[in-house]
Amino acid sequence: MGEKKKEVNNNRRKLILKAAQEIFSQKSLMDSNISEIAKKAGIADSIIYNYFKNKEDLLFYALSDKLKDIEKDLKLHLEGILDPASKLGKMIWYHLYINDRVPGGTQILKALLFECRSNKNFYTHEGYNTLRGYTRFMSQILQQGVDENVFRPDINVILVRNLIFGLLDEESLSCLASKEIESTLSDFSGIMDLIFAIISKNETPPPGNNDDKENRILKAAIQVFSNKGYNTATISDIAGAANVAEGTIYTYFDNKKDMLFSIPKKRFCALKNSMGEMFNIKMPVRKLRRFIRLLFTTFMGDRDFLRVFLLDIKLNKQFYASPVYKDYINYISILEDILEEGKEQCVFRKSINPRLFRHLFVGAFNHLATRWLILSKEKPIDMMQEIEDVLDLLCRSVVVNISVLNDFEDRID
């Protein structure tokens, strides 16, 4: 008797979920109601509350149920496929397949995903674990490829997974929503071409990369200095991380200090070379913001380099007597050119001392970056917001009056 009742409950719950999937895919959570879902399922409204807390709870479980069905079918398609490259291709093919062959079901899935993702409560709900489990399935395939030496050993599995799912999302929207394309399976080869270019092992150095060994040594030095600290790290540690003979390092660097100061030198040169486009900007306020944002995002994008620069270079007295300090000042002095341009256009105040503003900016960067790096209390999105807040404050310190800044913000909006 108990088993019979359990089966009835499971069937009824499934019926409610299927009805909810249809209703929620046609209407938003806000616009739908329990009554129409109950009517679709052929039951009384009150029965739904025996299985789900409320309408939101039902939405999250509706997505979870849909994902479980899709994952079950996907695993069936992957039966008997052993190598990770073929597995990944089949998983991507399957996504395109359900776009083209089951468009109604795909539209339901996408609608539920958008509705759930936009709700912050979803991320603490049990239903979110199903989505995480599904995406983790692709992570496992990518990791298998790394472990079996099929994919590049240095790929960020989570990042690559997000790139792939993002691409597949946009592809399905182009077909099902904007109607830009009639089908997605025809793009399978092009999609795989992009993805395998990212993850496949490529032993051939990029064209023009004649100093590949030197760059490899510097990259290894950044990692070793970051992990062990400059004082503790040895040339032998760096040689091992770079997979070169210890003597090879002295072909490129005189000693450990020379190697340390060569790290920012290359970074500053690359930054300066990347700023040509910035000088096409006519508005001094916008140019100033672009310069500051570029430095923040470039440094914050490489945590190991940031740690080495802040702790082992910037706080090293020998740095200020080294030739690389001139490269550093040469790069930062771009600020002074921007300030002078703003003064000439009467956008920035004539009384500004460029050297003091440079200290204001660099000091703000050092303190914020150190707090983010050492304390690690900020989430990436909070860090980006704090960068924008700092930009506003720094711009306020130089503009003639606040209306100039407000006018700039109006144009941006």
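Trainee: Which residues line the largest cavity?
Mentor: Please bear in mind that this is a predicted model. The lining of the largest cavity consists of Phe 268, Leu 295, Phe 299, Phe 309, Lys 314, Tyr 328, Ile 332, Phe 361, Val 362, Phe 365 and Asn 366.
Trainee: Which elements give two or more residues to that lining?
Mentor: Helix H14 (284-300), helix H16 (323-332) and helix H18 (354-375) do. H18 gives the most, with 4 residues.
Trainee: And how does the lining divide by class?
Mentor: There are 9 nonpolar, 1 polar and 1 charged residues.
Trainee: What is the volume of the largest cavity?
Mentor: Its volume is about 70 Å³. The structure holds 1 cavity of 30 Å³ or more.
Trainee: Turning to the core, which residues touch the most other members of the largest nonpolar core?
Mentor: Phe 348 and Phe 361 do, in a core of 64 residues. Phe 361 also belongs to the lining of the largest cavity.
Trainee: What is Phe 348 in contact with, leaving aside neighbours within four places in sequence?
Mentor: Its partners are Pro 284, Val 285, Leu 288, Ile 338, Leu 339, Gly 342, Lys 343, Val 398, Val 399 and Val 400. Another core, of 57 residues, lies apart from the largest one; Phe 24, Tyr 94, Leu 131 and Ile 155 are among its members.
Trainee: Which residues of helix H17 are buried?
Mentor: In H17, residues 334-344, the buried ones are Ile 334, Leu 335, Ile 338, Leu 339, Gly 342 and Lys 343. Among these, Ile 338, Leu 339, Gly 342 and Lys 343 are in contact with Phe 348.
Trainee: What follows H17?
Mentor: Cys 346 follows it, with a positive phi near 60°.
Trainee: Now the open spaces: what is the volume of the second largest pocket?
Mentor: It is about 480 Å³. The lining has 24 residues, and those closest to the pocket centre are Arg 117, Leu 131, Tyr 134, Thr 135 and Phe 165.
Trainee: Which helix gives the most to that lining?
Mentor: H8 does, with 7 residues. By class, the lining of this pocket has 11 nonpolar, 7 polar and 6 charged residues.
Trainee: Finally, how many helices and strands are there in the protein chain?
Mentor: The chain has 20 helices and 0 strands. Of its 413 residues, 44% count as buried.

Methods. Residues numbered from 1 in each chain as written. Predicted model: local features only at pLDDT ≥ 70, side-chain atom pairs only at ≥ 80, totals over all residues. Heavy atoms only, no water. Core = buried A, V, L, I, M, F, W, Y, C linked by side-chain atoms within 4.5 Å. Buried < 20%, exposed > 50% of the residue type's maximum accessible area, 1.4 Å probe, protein only. Contact = heavy atoms within 4.5 Å. 1 Å grid on protein atoms, 1.4 Å probe; cavity = no way out; pocket = protein on both sides within 12 Å on 5 of 7 lines; lining within 4 Å. Points joined across faces, edges and corners; volume = space filled by probe spheres on them. Nonpolar A, V, L, I, M, F, W, Y, C, P; charged D, E, K, R; others polar.
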